[in-house]
Amino acid sequence: MTMLSPRLSLIALWLSTALSSVRAATGGSFADGGNTQISALMMFLGSEDSVYILDKAEGNAAQINGHPAWGALWDISSHQVSLMDVTSNTFCASGMHLPNGSFAAFGGNSGVGIAGLAGSQKNPDGTGAWDSVYQDFDGRVAIRIVNPCKSTDNLNGVQCGWYDDSTVLAMKRRRWYSAAEPTGDGTVVILGGFINGGFVNRWYPNVDPAGESGQAENTYEYFPAKAGDPQTVQFLVKTSGLNAYAHTFLMPSGHMLVQANLSTMLWDHTTNTETPLPDMPNGVARVYPASGATAMLPMTPANNYTSTLIFCGGSDMPEYDYGDYGGPYVDTWNFPASKDCQRLTPEPQDGSAPAYEQDDDMLEGRTMGQFVLLPDGKALVINGGLNGTAGYSLGTKDTPLGLMPFGTSLASGPVLTPALYDPTAPKGSRWSNAGLGNSQIPRLYHSCAILLPDASVLVAGSNPNPDVNLTTVFPTEYRADIFYPPYLSAGVRPVPTGIPQTLSYGGAPFDITVPQNSYSGSANDAAGNATVVVIRGGFTTHAMNMGQRFLQLNNTYTANQNGTITLHVAQMPPNPNLFQPGPALVFVTIHGIPSNGSYVIIGSGNIGPQPTSAASVLPPSVLLAAASGGSGSGSNSGSDNNTANATKKSNIGVIVGVIVGVVALLAIIGAIVGIVIARRRRAAAGQAPSAMYDMSGPPPVMAPPRPTWASADRESSIFTPLNQQAHYDDAWDPSTASLNAPYKDDHRPSMSQSQSFDSAGYDPYAQTGYSTPSHGVQAQPMDAFHEPELRYR
């Protein structure tokens, strides 16, 4: 028996590892996404390079500036994490993109310490203002802003770090579990929320739905702030109890669809006018803590950019069982989640009355399942449990904590297999999990998933615990997964060129070129099955993707003699309400196989009325009778003979390609073996190794960077990414900060000064009577109303 030398054994091990890594990235599989160091309670895609992660303030082992970290940046290429400093408690905040590509996180919880108890320094009502161990400030009025940067940047500097100072920039009301949705001009509507902690937003019996004895915040406000006090929304009073994280979607008219409890409305936020719509059928609640999967389906030329919503899963648990702020009244982990799905088009284009439409049931019931829109037009549902609800508890009316079978988790039965929903398939065949692998990691309360630029999905989080717990049934989870949808099994993917960095609402079209070697089959066939889609992954938390949208751009095409394809692509439809201004990814798909996504900014990059032009006018499509084919393809004139010839040539090309690949692999292995033998011979002869066989190889050649933020003469702003090579010596100045500067520097005029947000001199505590969070706040006795905050989340 021939034995391999140690070096050859290492080479064989390396080759087997490389090959297994390739297999792990095949469509339908999960792969290791690294360690996030903080549990991913919230995530969003900041750029083509990075995902931002937020946790709640808790005892993570990862430390920054002398306290546990609850902010991080996950580098897409390396799967490594860089910690970021966040000063206030982000627990159960909401969040949204801004038109210039920055992101904001709104509200959260009061300052807490070990085990989630109130911080060491108290507010007047006994909630935590700050904690000496975790060093987190009260985050309930916080507005935190971050500019997208790379892991190689100074992530805790003025330009790239989180701006988080509620004494300067804050909401007018304390909000926990609020909803957030942008308008067509980029202003963000912030709706509802808890004032303090609890399981659901009510006391029981519910004798004060308007205020819940000072616990419920049933108002709305804007970012940037508008004049006047926040107004009460009667819909939130009506849905008292199950109105946390209300589902909100801007409609083409500019009105907003809002769904909470079992109720639905169209809401004109500009006048605070409500139009009731039908109730959710079958008694299934979709909002937290029932936590069904919800999304707006793809808007396409085929459906005339109709805004249709889908609601799947959640719970039909009886209303009484949800209990109150103190926790559920039943053992929720025994109650099966719903598999029911409903569609709703709130503004039908035919003028008919809006009505829920029964859709195919999911393959299994899910609570905390989450929709992620994919570039092939399908929707992935992932994570969640078969039973129970979101949230955690230190006991129910029936079972004390010590006897709860799943620790503090209120859910059980993790669903480890994702599923795909095809909205264009015939009824009865829209759901499938065929060929999809299983995750090895339960993802329950506080899990997240978001689309990445390579069209895979980052999956992270799960933490149904009041503080870090690594030994319970469903522990605090730091492991990330990458899920590879089935289309990533394709051997050839489009590699388009010509995608612009900005898209406008209407205006002149643009051309995208698809090279001959980046599609399969004939050019005519590929061109006729090419789409250009714009996807915004949103701000993901609690099984939701706030702001997630999918819009297919209209396009025609030209199949060229040389095998390339030119796609003539329209700009965004001239209605910013369809797809609000801000960051997004553009994918080119051919036969459902996507390219990598290209990062773009939609609109002007400013908060304010968006410029619109007439819808793009496209040239007619051109098919060539003798168009060349893509990879492994021959010509196709449209005749049967030529089609058969093209098929034969395609098969020959595949065979030749396989043979060439095998020969190349054998040649590489042979070269390595030869090098090892030559080195051993030289070593035996006392010779120095030849420079031409340097095993380290030449230094890698880096592709030129994409054009990014160019320098421009203007004042720095926490809201506006600046020249990445600049030095920042000055602290952020709110008097000169601009919410209206574009994400990429250019010389377009900003909005008038009268439209800018002026935070100078604003005291966020003036309306509440709370003192500024500081280390000098006197400790106060705890109010009895806040005991549930310490026990249930």
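This note sets out points on the cores, backbone, pocket, salt bridges and strands of the structure.

1. Basis of the note. The structure is a predicted model, in which local features need pLDDT of at least 70 and side-chain atom pairs count only at pLDDT 80 or more, while totals for chains, interfaces and linings use all residues. Residues are numbered from 1 along each chain as its sequence is written, and side-chain values use heavy atoms, with hydrogens and water left out.

2. Nonpolar cores. A nonpolar core is a set of buried Ala, Val, Leu, Ile, Met, Phe, Trp, Tyr and Cys residues joined through side-chain atoms within 4.5 Å. Buried means under 20% relative accessible area, exposed means over 50%, and partly exposed lies in between (1.4 Å probe, protein chains only). The largest nonpolar core contains 82 residues, and Phe106, Trp162, Tyr177, Phe223 and Trp267 have the most contacts inside it. Another core, of 60 residues, lies apart from it and includes Ala69, Met362, Leu436 and Leu585.

3. Cis peptide bonds. Most residues other than glycine have a negative phi, and most peptide bonds are trans. The bond from Tyr204 to Pro205 is cis, with omega near 0°. Strands, mentioned from here on, are DSSP runs (E, at least two residues), and helices are likewise DSSP runs (H or I, at least four), numbered from the N terminus. Pro205 sits in the loop between strand S14 (188-191) and strand S15 (219-223). A cis bond also joins Phe223 to Pro224, with omega near -5°; Pro224 belongs to the loop between S15 and strand S16 (231-232).

4. Positive phi values. Gln37 is not a glycine, yet its phi is positive, at about 65°. Gln37 is found in the loop between strand S1 (29-35) and strand S2 (42-45), and Gln37 is partly exposed, with a relative accessible area of 31%. Ala543, also not a glycine, has a positive phi of about 65°. Its loop runs between strand S37 (539-541) and strand S38 (544-546). Ala543 is buried, with a relative accessible area of 4%.

5. The second largest pocket. Pockets and cavities are found on a 1 Å grid over the protein atoms alone: a cavity is a set of points where a 1.4 Å probe fits but cannot get out, a pocket is an open set with protein on both sides within 12 Å along at least five of seven lines, and lining residues have an atom within 4 Å of a point. Grid points are joined across faces, edges and corners, and a volume is the space filled by probe spheres set on the points. The second largest pocket has a volume of about 480 Å³. Its lining has 23 residues, of which Pro298, Thr300, Gly377, Pro423 and Thr424 lie nearest the centre. Strand S36 (530-536) and strand S39 (549-553) each supply at least two residues of this lining. The lining divides into seven nonpolar, 12 polar and four charged residues. In this division Ala, Val, Leu, Ile, Met, Phe, Trp, Tyr, Cys and Pro count as nonpolar, Asp, Glu, Lys and Arg as charged, and the others, Gly among them, as polar.

6. Salt bridges. The structure holds 14 salt bridges, each being a side-chain nitrogen of Lys or Arg within 4 Å of a carboxyl oxygen of Asp or Glu. In the bridge between Arg144 and Asp164, the closest N and O atoms are 3.8 Å apart. This pair links distant parts of the chain, 20 residues apart: Arg144 is in strand S12 (residues 143-146), and Asp164 is in the loop between S12 and strand S13 (179-182). Arg144 is buried at 0% relative accessibility, and Asp164 is buried at 12%. Arg549 forms a salt bridge with Glu181, the closest N and O atoms being 3.2 Å apart. That pair joins S39 to S13 across 368 residues, and Arg549 and Glu181 are buried.

7. Asp359 forms a salt bridge with Arg343, with the closest N and O atoms 2.9 Å apart. Arg343 is in strand S23 (residues 341-344), whereas Asp359 is in the loop between strand S24 (356-358) and strand S25 (370-373). Arg343, Asp359 and Arg430 are linked in a network of salt bridges. In a regular strand the side chains alternate between the two faces of the sheet. Both faces of S23 are covered, with Cys341 and Arg343 buried on one side and Gln342 and Leu344 buried on the other. Two strands pair if DSSP finds at least two bridges between them. Strand S22 (residues 309-312) pairs with S23 in the antiparallel sense over four bridges, and S23 pairs with S24 in the antiparallel sense over three bridges. Gln342 in S23 stands opposite Phe311, and the bridge partner of Gln342 in S24 is Gln358.
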